[in-house]
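Hi,

Here's the structure I promised to pass on.

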Amino acid sequence: MTRSNRIGNRIIIAILGLALIAAAAWVGNRAMPVVDVPAIPAPPTNALWIAAATALVVVVLALLWVFTRGRGHTRTVVTVTDDSGRASVDARVAADFITEDVSRIVDVVSVASRAYRTDKKTVALELRVTTRRSADVRLVVDAVKRAVIELDDVLETRIPVLLHVATGVRASFAREQRVH
Amino acid sequence: MTEQQLYRRLVRRSRHRSRSGTVVVALVVLAIVAIYAGIESVLAATGMPALLVSPVDAIDAIENPGTPVLIGAAVAAVLGIVLLVVALSPGTRSRHELLDDRMAVVIDDDVLAGAISHATNREARVPAERISTVVARRRGVVRITPTSGVPLNTASLTTAAEQLVAALDPRPALAVSVSVNERGVVGS
C-alpha cells in the first residue's frame, strides 16, 4: 500500500512482454520465413559504442525504477505544533494503542501496523488484524473502530485508517477456539 | 483530497495487486542482460576477445537460428505472453470492502467465508469441519453435510447466512446460497 506508480508498473511489464514476443517472432521468422525483413548487418565500431551506451542507460533506468518501489513508508503519524514546541507521534505508538484493545478479542491472532505517506501532508495508518477463520468480523471491526476513535481523542486529530482483516499462514496453523 | 476520496483510493489499492514484485524481477533480469550486452559491445568495439559470444556471432545466431536459439525464442514468447497477461489483467485480490464512516475496511475473502460458516452453523449445529463456505467476488456458497437423521431446514440456514451478509454489507455485494449435502454422516 505504498505510493508506487501502478500504471507505470503495468506499462513496463507490457513493454517487456511485447519486446520478448517481438524477439521471438524475429527468430521464428528466420526459421520459417513469413515476412521478408532485411538481415541485421554486422555492426560497425560506432554502432557497438551506441549499443554499449544504450545498455548503460537501460541499466540505470531499470535500477532507478526498482529502487523507487515501495516508497512512502514513514514512522511519524502526526506532528503537533503548539506554543511549547513540536511533538511527533510514532506509528508504533498509535499501533500499540490499538493493539492493546483489539488483541484481547478471542480469535485475533496478531495486529500489525504500518504508516504510509499518501500525499505531501497526509499520513495514513494501515492496520492489519490477523484472525482465525471463525472470528466474528463485526466484533473485530467495531473494536478497532472504538480504539481508533479513542486514539482520535488522545491525538486531537483524525488519522486516516485502513483496516485490513486478514487470515494468514499463522492463523491457519493456530488452533481454532471452540466452545463446547 | 477529502477523507472519503482517500479511503476510496486506499481500498482500491488494497483490493488490487501493485505488480511491483513482477516489475522488480523483470527489471533486474533486464539490467543483468543489458550489463552483459554492454560489456560484449565494448569488448568488440575495442577489439578485445569476447567473454562468451561476440555481438557479430550473436547476430549470426539470431539470423540463422539453430535448435537451441529456437528453443530460447519459444521460451521468450511464452514469457512475453505471461508478462502481457500480468500487465493487462485486473489483478484483483480476493478481498471485500466493508463500509464504515471512520475507517476504510477491507477483509480477506477467507475471513468473510469463515464468518458466514460460523453464522450459518449457529442454525445448523454440525461439527465445524462439516460446514464450509467459498466466497468469490459476488457469490458465496455454503456447503453443509448434515448428521444422519437430523434434517436441516435449508430456508432457515439461508436466512442465517443472508442475515450475516446483510449485517456486514460487503462490497462488491455478495449473494449467498446454502447447499445441504443429500447424504448425511453418522455421529458428531
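What covers the buried residues of α1(A)? Part of the cover is α2 (45–67) of chain A, along with α2 (20–45) and α4 (67–88) of chain B. Contact here is C-beta atoms, placed from the backbone, within 7 Å of each other.

Before the rest, a caveat: this is a predicted model, with local features needing pLDDT of at least 70 and side-chain atom pairs counting only at pLDDT 80 or more, while totals for chains, interfaces and linings use all residues. Residues are numbered from 1 along each chain as written, and chains are lettered from A and ligands numbered from 1 in the order written.

Back to α1 of chain A: this helix covers residues 6–31, 26 residues in total, and spans 38 Å from first to last C-alpha. Helices are DSSP runs of H or I with at least four residues, strands are E runs with at least two, and both are numbered from the N terminus. The buried residues of α1(A) include A:Asn9, A:Ile12 and A:Leu20; buried is 20 or more other C-beta atoms within 10 Å of the residue's own, again placed from the backbone.

Chain A is assigned domain 1 (6–67) and domain 2 (73–173), with bounds from an automatic or database assignment. Their centres, over C-alpha atoms, are 46 Å apart.

Chain B has six helices and six strands, in the order α-α-α-α-β-β-α-β-β-α-β-β. Its C-alpha atoms fill a box of roughly 85 × 50 × 20 Å along the principal axes. Of its 188 residues, 32% are buried.

Cheers

Terms used: The expected span of a helix is 1.5 Å times one less than its number of residues. A residue is buried if 20 or more other C-beta atoms lie within 10 Å of its own, exposed if 12 or fewer, and partly exposed in between; C-beta atoms are placed from the backbone. Two residues are in contact if their C-beta atoms, placed from the backbone, lie within 7 Å.
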